[in-house]
Amino acid sequence: MKRIAWGITGSGDQIVETYQVMRDIKERTDIEFMVFLSKEGEVVMKWYRMWDGIQRDFPNFKTDAGPNSPFIAGPLQVGHYDALIIAPATANSVAKIVYGIADSLVTNVVAQTAKGDTPIYILAVDQKRGTVDTVAPNGKKMTLKMREVDVSNSEKLGQMENITLLEKPEDLYALVGLDKE
């Protein structure tokens, strides 16, 4: 892979781990990254005190100004990028993608990219029934209970054409042919 478009939604769950993996991949490869955030993705990055770091580490950086602004979908449709990665993806974004709602930058980019040949990889945070442990913005452990509707939507997402569901941030290494060190 030479170019990756990485979309970030408003999920605090797995954002720290995903960011660490993506930064490691960037440091260990010559992959060109374009990062774009939903409006809530921006909020979460600031809340987790990662805003300055992501702009420094990923200088090709864009924020949501509407469903098609900045214009990202076209270059993804025509193969300018080798992959679209949405990680982490909130239950809200997953539900919108599953039901064809393309009213935000991230959901529109997925909808339009799915019409082309560029592969889409999504790390949905609500995939397993039961509880998951995550990290709150203050660094403390927090346990979340998954809702059945959200898990069901993640399962539907995994069945969609041209979309591969990732289970954990570390799965990103395999996409680019790296081992986790």
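Which residues form one aromatic cluster? I looked, and the cluster is made of Trp-6, Tyr-19, Phe-33 and Phe-58.

**Ground rules.** I am working with a predicted model, where local features need pLDDT of at least 70, side-chain atom pairs count only at pLDDT 80 or more, and totals for chains, interfaces and linings use all residues. Residues are numbered from 1 along each chain as its sequence is written, and side-chain values use heavy atoms, with hydrogens and water left out.

**Aromatic pairs.** I found five aromatic pairs in the structure. For my notes: rings of Phe, Tyr and Trp (its six-membered ring) pair if their centres lie within 6.5 Å, and planes under 30 degrees apart count as stacked, over 60 as edge-to-face and the rest as tilted. Tyr-19 and Phe-58 make an edge-to-face pair, 6.2 Å centre to centre with 65 degrees between the planes. Tyr-19 sits in helix α1 (residues 15–28) and Phe-58 in the loop between α3 (51–57) and β3 (61–63), so this pair ties together parts that are 39 residues apart in sequence. Helices (H or I, at least four residues) and strands (E, at least two) are DSSP runs, numbered from the N terminus.

I checked burial next: buried means under 20% relative accessible area, exposed over 50%, and partly exposed in between (1.4 Å probe, protein chains only). Tyr-19 counts as buried at 6% relative accessibility, and Phe-58 is buried with a relative accessible area of 1%.

Another edge-to-face pair is Trp-51 with Phe-61, at 5.3 Å centre to centre and 75 degrees between the planes. Trp-51 is in helix α3 and Phe-61 in strand β3, ten residues apart. Both Trp-51 and Phe-61 are buried.

**Lysines over rings.** I counted a charge as over a ring if NZ of Lys or CZ of Arg is within 6 Å of the ring centre and within 35 degrees of the ring normal. Lys-26 lies over the face of Phe-58, 5.9 Å from the ring centre.

**Strand β4.** How many residues of strand β4 are buried? I get seven of its seven residues (83–89). Two strands pair if DSSP finds at least two bridges between them. Strand β1 (residues 3–8) pairs with β4 in the parallel sense over four bridges, and Ala-5 has Leu-84 as its bridge partner in β4. Four bridges also join β4 to strand β5 (residues 120–124), again parallel; there the bridge partner of Leu-84 is Ile-120. I also noted a cis peptide bond between Ala-87 and Pro-88, with omega about -10 degrees; Pro-88 is found in β4.

**The core.** A nonpolar core is a set of buried Ala, Val, Leu, Ile, Met, Phe, Trp, Tyr and Cys residues joined through side-chain atoms within 4.5 Å. The largest one has 30 residues, of which Trp-6, Ile-25 and Ile-54 touch the most other members. Helix α1 gives the most to this core, with five residues. Buried residues in α1 include Ile-15, Tyr-19 and Ile-25.

**Positive phi.** Gln-14 has a phi of about 75 degrees, lies in the loop between β1 and α1 and counts as buried at 14% relative accessibility. Asn-162 has a phi of about 65 degrees and, at 26% relative accessibility, counts as partly exposed.
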